[in-house]
Amino acid sequence: MQAPKKEQPTRLRDLIKAVRACKTAAEERAVVAQESAEIRESFRDETYRFRHRSVAKLLFIQMMGYPTNFGQVECLKLIASSNYTEKRVGYLGLTQLLNEKDDVLMMVTNSMQIDMNSSNTQIIGMALTALANIATAEMCRDLSKDVCKLMSHNNSYIRKRATIAGARIVRKCPDLIEDFQGEVPKVLEDRSHVVVMNGVNLLLEIIKIQPNIKQAFVQYSGLVVRAMRNLIHTVHSPEHTIGGVTDPFLQVSLIKLMSKIAGAEPSEEMTDCLAQVATNTEPAKNAGNAVLYECVRTIMDISSTSGLRVLATNIMGRFLLNRDNNLRYVALNSLLKLVKVDLLAVQRHKTTIIDCLKDADIAIRKKALELTYCLINESNVKQIVKEMIDFLIAAEPEFKEALVTKLCLAIELHSPTKQWHFDSVLRVLTLAGSYVPEEVVASTAHIISSTPELQSYAVHKLFNALVDNTEQQGLVLLALWSIGEFGNFLVSETLKTSDGELKAMTPNEIIQGVEKTMTPIAADICKEYALTALIKLSVRIPQAVQSIRRLIEQQISALNVELQQRACEYIQLLGSNWDSIRGPLLEKMPIYAKAPAVDIPTTDSSSPVLEKPKTPTQPNSAQNLLDIETLIFDSQPIQQSQIQQSTEVPQPQFESLLDLFSSTPQPSFPAPVLNPVTGDISEPDKFEDFVEITPIKHNFIAFEDEEINVDFNCTKPEPDALENTQISVIVSNKCSKDIVGFKLSAAVLKHLEFSFSSAASTSMMPGGSIQMQMKMKNKAQGQKPIAIRMKIDYTIDSVPRSKLSTVDSFPPNY
Amino acid sequence: MIHFVLLISRHGKIRLSKWFTTYSQKEREAIMKEVKPMVIGRNSKLCNFLEFQEYTLVAKRYASLYFAFCIDKDDNELLTLDIMHFYVELLDKYFKNVCELDIIFNFHKAYYILDEMIAGGYIIETSKKQISKYVANQDEIMEESKEETTAKKK
């Protein structure tokens, strides 16, 4: 049975009321479903008078998120109508109910073309708006000619709409740019400034699509500057004034265009104009600030004079200090761009930028963080990192992650000393260890393992931090690793540091500390680290073997295969049949290749010192020792001086050699060492198992090139004081010319002390040689090798030569 | 350019949506779903700019309505606030002290006003007086055409 046909369909207002009266979503759905059904039914009637009303209702229904596709064709019918109301609703429906992806859309092309040729400006306007908003490429192509024509219409209302419709056409069909390019100059000179604005926007669109077209418009920069001048000198135009600024919309478009058409070198009048805008624009209201902001962006984009740039930076500085968050946000945004070209200018606002790290607004904090990171260098890294760490305490998780990543990167790239590096990473790990990327843990482990003087300190600090806090995974991993490697320092040494004493621990305390990390809920990776730490401790702290065995045994039944395997293997290793090799096997991990920094460094600060060698110091002067330290301990490959073992083979101490071989036969190659970071077994350094062998005499060539030869003949003069080495340095002239003004300078690490007698002569004939005596005292003999940084200066044929070399081929226990 | 304009009520109902970039109905709904929680309940003390996909979202609350404009990253965020305010002023002038209900019941009028102000993603007219004049003029023609229809009917 068919429902009786209603004479008057529901009015839009009543539908809206009915929907608003619905108490539940189900009720609303029912109302909409009924209405949709009625509308659909009504569309069947070709002579239906209330079609526009139905489409209007559909718009409402669509806005609530219900399907309305069935109304699309009705929009086309309405547009084709001669009635203004129907046409207006039809065009509204077209832009709302349809989009470029609907096939129905192209059916409207013909109606639009007819409307564009209407005598009614309102109707032309509607067609142009629809085209500007939703036209497909195909429609754009079909209607392009008509739009071009309308750009010269005598009514400015049509001209502005045709111009902006042109922007859609060039966006959809870049090949039609040429058609519009010719029209642009005309609209830029239009007497109506609204048309000018649309023209500028069209041009900006064209340039965006085809950047290389910019060049063709450089000639209009004069015109644009004049338009801008007129605008800022117009006093009374209340119609277009917003917040005391005459038409900020047009101003911003013009200024933006300036940045595109400034060419290689902006004209003087453009520079003047920008300076004028930057100085005179009223900053009290948002509109003025919008203009200033655009002006600053243009100044930064074009190759401005430094004066102009200072002006721009100062405006951003003012924005930064403003209480309005929006201004701070845009200021940080533009400084981020500026920092790439003019770091110094941005550095001046460092304090304000760092302050923004504690802003209530996360958007601002994130921008400030990015910018702060760009500002860090060797000279301010300590201060900035300290402040960043302070912010870390209060940061919410969302921000912590970003902050920690940048922080670690900054520490890694710019740290002035290893100790500071370690301390800073430790603080970050303590506060936010769970957010620290794995690479940071690995690279910090690398620093500890490659810096012997840091090891005891680091393991004490890490152990104390671990005892206080087992929540932060990054901290737990690093601490466990160092306890395993350097646990011996924990029992044997009490350290005095600037902030108190680090007490030696009892074996029991240490094992308890490790045990804390092995709770059932701990992450598997932590337990893996803990197991390796324990097995390593079994040789470092033999007293604790029983507790170690107990803890490892607990993991034999672990569900995680890796854990279980490690536990089983380690228990085996604790068996007495492995007593003889357990020691060498669980040796300290060899220094492994450093993990690269998390990010590509922005400065060259991480490059090895050798790339830009600093002048080595005079002997006995300590000022450059730090450089040497980084140089020698830097993991980057060091350019080695040519080293040749002299024919006189080092004489091993037979006693110790016998000692080494007295127990079960040992393989003569170095024992593999467990790497707790990767769990792999790796080959230790070659010298590792010759530790006890002290050659009494050692001769080698420390430096050699085609002109000179430097021989080091080393002896240990006093058998009771093995830390002292006597080095006789023999320099010989290999070339066929006289060498004059020979000077040898050297610098050494902190654990070394040396003195040397100057040579009797500073010149050598061809084949001649000079001799010097050097006395070296190695205070860390047996732990750290001797390394000397040498600088050799001499002159041949009045051409000065200067050579640098690192001599590190001393036996490791020398 | 402006990619879309959304007016959202405090309860997350869309009161107006205008799209200048092509999105399918599905995409539009996904965007609205994503934008709503970003703007609703946002502390008014925070800045009005949010990162949204590869765009910037400029969002501000006016009485019970949230206005959200999506613009390109290199567009002028501050100016967009003025464009937004400009639209609010136009609505205010047209409805004489606009409130959410005016827009709910006369959403088509709100669209007509927006059409006079923004097309193709750009602001096309910067005089409030002109826009009001155009809209009034169109309303008048509409009334006339309605009378015409009624007359025909008689």
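Predicted model: local features only at pLDDT ≥ 70, side-chain atom pairs only at ≥ 80, totals over all residues.

1. Chain A, make-up. Chain A holds 35 helices and 15 strands. It has 814 residues, and 54% of them count as buried.

2. Chain A, contacts and surface. Take the contacts in chain A with a sequence separation of 6 or more: 67% of them are between residues 24 or more positions apart. The accessible surface of chain A is about 36,600 Å². Carbon and sulfur atoms contribute 52% of that surface.

3. Chain B, make-up. Chain B has 5 helices and 7 strands. Read from the N terminus, the order is β-β-α-β-β-β-α-α-α-β-β-α.

4. Chain B, burial, contacts and surface. Of its 154 residues, 62% count as buried. For contacts in chain B between residues at least 6 apart, 48% link residues at least 24 apart. The accessible surface of chain B is about 6,400 Å², with 51% of it from carbon and sulfur atoms.

5. A sheet in chain A. Which strands make up the open sheet, and in what order? Three do, arranged β11-β14-β15 in chain A, with antiparallel pairing. The edges are β11 (739-748) and β15 (799-807) of chain A, each of which pairs on one side only. Neighbouring strands of this sheet are turned against each other by 15° on average, direction ignored.

6. How many bridges join β11(A) to β14 of chain A? There are 8, and the two strands run antiparallel. Strand β14 of chain A covers residues 788-796. For a reference point, A:Lys743 has A:Asp793, in β14(A), as its bridge partner.

7. A lysine to inspect. A:Lys172 lies in helix α9 of chain A, residues 156-172.

8. Leaving aside residues up to four places away in sequence, A:Lys172 touches A:Glu100, A:Ala135, A:Ala137, A:Cys140 and B:Thr22. The list includes a residue of chain B, namely B:Thr22. A:Arg141 is 31 residues from A:Lys172 along the chain, and their C-alpha atoms are separated by 8.7 Å.

Notes
Residues numbered from 1 in each chain as written. Chains lettered and ligands numbered in written order. Heavy atoms only, no water. Helix = DSSP H or I, 4+ residues; strand = E, 2+ residues; numbered from the N terminus. Buried < 20%, exposed > 50% of the residue type's maximum accessible area, 1.4 Å probe, protein only. Contact = heavy atoms within 4.5 Å. Areas by Shrake-Rupley, 256 points an atom, 1.4 Å probe, with all protein chains shown as cover. Pairing = 2+ DSSP bridges. Axes fitted to C-alpha atoms, helices over the stretch in contact; angles between N-to-C directions.
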